[in-house]
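Please read them with the model open.

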There are 2 protein chains.
Amino acid sequence: MYVIITYDVGEKRVGKVCRKLKEYLTWTQNSVFEGEISKTQLLKCLAELERIIISNEDSVYFYEVNNPRHIKKKVMGVEKSFEELFL
Amino acid sequence: MYVIITYDVGEKRVGKVCRKLKEYLTWTQNSVFEGEISKTQLLKCLAELERIIISNEDSVYFYEVNNPRHIKKKVMGVEKSFEELFL
């Protein structure tokens, strides 16, 4: 399946959440990751995120699309790469 | 169609982009909006955003799903409302 994950977490946990998601998905922008992932891997990723976030303060949203052909992605402006984040 | 829009724009333009998207879609989180929108309205929204952003500095990503049944949304942690942002 294809997933898009966005997060809004306390400053102290941003780096941890970002590194965890980078293990499974591709960084898109800001606090958005996306990519093709199996159900098993997704569940593993979510279980690991659950241990990082504080559930009454942070939010992680995920959008699942079974067939990636059902979703079209377009970019307006600059398409940034993960590396630029850390320059 | 159903769209998810995420943006990463210069600080000075965050408020303008956010207000513009709020005219058309529902705020989800941070810099993420989503909702049901017609093709015409989406094109209008994007044309208006294009006049706000600086195309070699800012990014706006949009994901289109023709049938909202093809996308499943889940939330881990807190589901925030738009109003909370401005408390």
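1. A residue is called buried here when its relative accessible area is under 20%, exposed when the value is over 50%, and partly exposed in between. The model is predicted. By that cut-off A:Glu64 is buried, because its relative accessibility is 3%.

2. A:Glu64 has a partner in the other chain. It forms a salt bridge with B:Lys72, with 3.7 Å between the closest N and O atoms. A:Glu64 sits in strand E4 of chain A (residues 59–65) and B:Lys72 in strand E5 of chain B (residues 71–77), so this pair joins two chains. The lysine end is partly exposed: B:Lys72 has a relative accessible area of 40%.

3. The count over all chains is 18 salt bridges. Another one to inspect pairs A:Glu48 with A:Lys20, where the closest N and O atoms are 3.0 Å apart. A:Glu48 belongs to helix H2 of chain A (residues 39–52) and A:Lys20 to helix H1 of chain A (residues 11–24), so the contact ties together parts 28 residues apart in sequence.

4. Are the two ends of that pair buried or exposed? A:Glu48 is buried, at 14% relative accessible area. A:Lys20 is buried too, at 16%.

5. A:Glu48 also has a salt bridge to A:Lys44, at 3.4 Å from N to O. Here both residues lie in helix H2 of chain A. They are four residues apart, about one turn of the helix. A:Lys44 is partly exposed, with 42% relative accessibility.

6. These contacts belong to a network. Salt bridges link A:Lys20, A:Glu23, A:Lys44 and A:Glu48.

7. A disulfide needs two cysteine sulfur atoms within 2.5 Å. For A:Cys18, the closest cysteine sulfur is that of A:Cys45, 12 Å away, so the distance is too far for a bond. Seen from A:Cys45, the closest cysteine sulfur is in A:Cys18, again at 12 Å and too far.

8. A:Cys18 is buried, with a relative accessible area of 9%. A:Cys45 is buried as well, at 0% relative accessibility.

Methods: Residues are numbered from 1 along each chain as its sequence is written. Chains are lettered from A and ligands numbered from 1 in the order in which they are written. This is a predicted model: local features need pLDDT of at least 70, side-chain atom pairs count only at pLDDT 80 or more; totals for chains, interfaces and linings use all residues. Side-chain values use heavy atoms; hydrogens and water are left out. A salt bridge is a side-chain nitrogen of Lys or Arg within 4 Å of a carboxyl oxygen of Asp or Glu. Buried means under 20% relative accessible area, exposed over 50%, partly exposed in between (1.4 Å probe, protein chains only).
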